[in-house]
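Student: Hey, I've just opened this one and could use a guided tour. Can we take it piece by piece?

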Amino acid sequence: MRKAHYKYWVKAQKDQSGKIIDGTGTFIFGIGVFHGFGVDCVESESGFGNFSIAIIELPDGKVIKVDVENIEFTSQNQSF
């Protein structure tokens, strides 16, 4: 497994009064462990769209999906 820098969008969330909760509606930057590539989809008025993602494990054990253009490997691939 390889380490990777990532940029991850956290969707804006509002509290009961309608204020945006701190730490949401922003990008988070960090280093995690790359587990592989995958495919995700989004539905819109014009239909479905598929796109590639990277699966990243964070230091706290949480797993996130990151757009592939938002990762950069920081270690060498051991298979080369």
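**A first look around**

Tutor: Let's start at Asn70, which is found in the loop between β4 and β5 (71-73). Strands here are DSSP runs (E, at least two residues), helices are H or I runs of at least four, and both are numbered from the N terminus. By the way, this is a predicted model, where local features need pLDDT of at least 70, side-chain atom pairs count only at pLDDT 80 or more, and totals for chains, interfaces and linings use all residues. Residues are numbered from 1 along each chain as its sequence is written, and side-chain values use heavy atoms, with hydrogens and water left out.

Student: Okay, is Asn70 buried or exposed?

Tutor: Asn70 counts as buried because its relative accessibility is 17%. The cut-offs are under 20% relative accessible area for buried, over 50% for exposed, and partly exposed in between (1.4 Å probe, protein chains only).

Student: And which residues is Asn70 in contact with?

Tutor: Leaving out neighbours within four places in sequence, Asn70 has contacts with His5, Tyr6 and Lys7. Contact means heavy atoms within 4.5 Å.

Student: Zooming out, how many helices and strands does the chain have?

Tutor: Zero helices and five strands. Along the sequence the pattern reads β-β-β-β-β.

Student: What's its radius of gyration?

Tutor: The chain has 15 Å, while a compact globule of 80 residues would have a value near 12 Å. That is taken over C-alpha atoms, and the globule rule is 2.2 Å times the number of residues to the power 0.38. Along the principal axes, the C-alpha atoms fill a box of roughly 50 × 35 × 20 Å.

Student: How much of the chain counts as buried?

Tutor: Of the 80 residues, 22% do.

Student: Switching to charges, how many salt bridges turn up in the whole structure?

Tutor: The search finds one. A salt bridge is a side-chain nitrogen of Lys or Arg within 4 Å of a carboxyl oxygen of Asp or Glu. Lys65 pairs with Asp40, and their closest N and O atoms are 2.8 Å apart. That pair links distant parts of the chain, with Lys65 in strand β4 (residues 63-67) and Asp40 in strand β2, 25 residues apart.

Student: What about Arg2, which strand is it found in?

Tutor: Strand β1 (residues 2-10). Arg2 is buried yet has no salt bridge, and the nearest side chain of opposite charge, Glu72, is 9.7 Å away. Its contacts beyond four places in sequence include Gly32, Phe34 and Phe73.

Student: Is Phe37 buried or exposed?

Tutor: Exposed, because Phe37 has a relative accessible area of 56%.

Student: Last one: where does Ser46 lie?

Tutor: Ser46 lies in the loop between β2 and β3 (47-57). Ser46 is exposed, because its relative accessible area is 74%.

Key: Lys and Arg count as positive and Asp and Glu as negative; His and the chain ends are not counted.
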